[in-house]
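Dear colleague,

I am handing over the structure below. My notes on what was found in it follow.

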Amino acid sequence: MEETSSSRATAGDPGPEPPQPRPGRATAHTAGASRSGTPHRSDGRSPQTPRGVRQTGPADRIGTTPPVPMRSASRRSRAAALALCGTLFALITWQVAAHGPLRRADERLGRAVFRDVPDALTQPLADLGSMAVALPVLAAAVAWTLWRGRRWRPALATVLAMAAVPALVIPLKVWIARPGPLEPGTGWYPSGHTATATVAYCGAALLVTPYLRRRWAMPVAVVLTVATGIGLVLRGYHWPLDVLGSWCLFGVVLLVLNSTGRHRSSGRIPTG
């Protein structure tokens, strides 16, 4: 009579024997695993499944996702933009101060475009860079930011950026002493109206964007800033390089301001 499997189990075997690795198989179940079905490669190589390449967390727990280098990429982008703006500003300033070929080409271009557009259109655009128009916009953004989120650090940084406009522009105007296109006197490089519009509108956009569901503030700020520079050139208040140099200089200021504004509290900022 054949011995049944149950009789073999009771004939002195302590219990069911764990599965043994089979030759020729790439994976097999091993005893002592956290659960049946945990694969281990018999050839010693690391598993190729996504679970196998995950890193362990602080408590040696499987499943922690590897770090994503988004912040380092963002820092590299800001560093590249800073280098570009700084290099362009240095080149433009050197050419304007040294009466170089770039300045002569700039003056030929300026004389070609002056008074081609009616003053009724160019004057309102140029006025966008005046303190009477730009400062109230920035003040409203600062007040709203402090009221909504009490984010005093980026608000203070924006105020300091606006204070940097006369601190940087006036010494450069005195040093370069560039004559104006149509107005008498010197001191037209870089453009103070362009600097005011750049810091006021783009700085206000940086402050209010975290509270908006859609990121429309910065495109609007860029349009207003570019419109200010175009109005100043077409109206004959500045040469084109006066405006471009101011954009480059205060582009550096805004990039530093944006980096400062990222140091926020860890709490969630309400949107609405």
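The largest nonpolar core has 38 residues, and those with the most contacts inside it are V165 and F250. The model is a predicted one. Six helices each supply at least two residues of this core: α2 (70-97), α5 (131-149), α6 (152-176), α7 (192-208), α8 (217-235) and α9 (240-261). The largest share, 10 residues, comes from α7. Nonpolar side chains tend to be buried together in soluble globular proteins.

With neighbours within four places in sequence left aside, V165 is in contact with F250, and also with I170, G192, A195, T196 and V199.

On α7 itself: 15 of its 17 residues are buried, so this helix is largely enclosed by the rest of the structure. The end C-alpha atoms of α7 are 24 Å apart, which agrees with the 24 Å that 17 residues should span at 1.5 Å a residue.

The loop between α6 and α7 contains S191. S191 has 0% relative accessibility and therefore counts as buried, the cut-off being under 20%. Not counting residues up to four places away in sequence, S191 touches K173, L232, H238, D242, V243 and S246.

There is also a nonpolar patch on the surface, formed by L84, L88, L91, W94 and L102, with about 480 Å² of accessible area together. Helix α2 provides the largest share of the patch, four residues. L88 is found in α2 and is partly exposed, because its relative accessible area of 36% falls between the 20% and 50% cut-offs.

Regards

Notes:
Residues are numbered from 1 along each chain as its sequence is written. This is a predicted model: local features need pLDDT of at least 70, side-chain atom pairs count only at pLDDT 80 or more; totals for chains, interfaces and linings use all residues. Side-chain values use heavy atoms; hydrogens and water are left out. A nonpolar core is a set of buried Ala, Val, Leu, Ile, Met, Phe, Trp, Tyr and Cys residues joined through side-chain atoms within 4.5 Å. Buried means under 20% relative accessible area, exposed over 50%, partly exposed in between (1.4 Å probe, protein chains only). Contact means heavy atoms within 4.5 Å. The expected span of a helix is 1.5 Å times one less than its number of residues. Patches are made of residues with over 30% relative accessible area and no salt bridge: like charges are joined within 9 Å, nonpolar side chains (Val, Leu, Ile, Met, Phe, Trp, Tyr) within 5 Å. Accessible areas come from the Shrake-Rupley method with a 1.4 Å probe; for residues, only the protein chains shown count as cover. A salt bridge is a side-chain nitrogen of Lys or Arg within 4 Å of a carboxyl oxygen of Asp or Glu.
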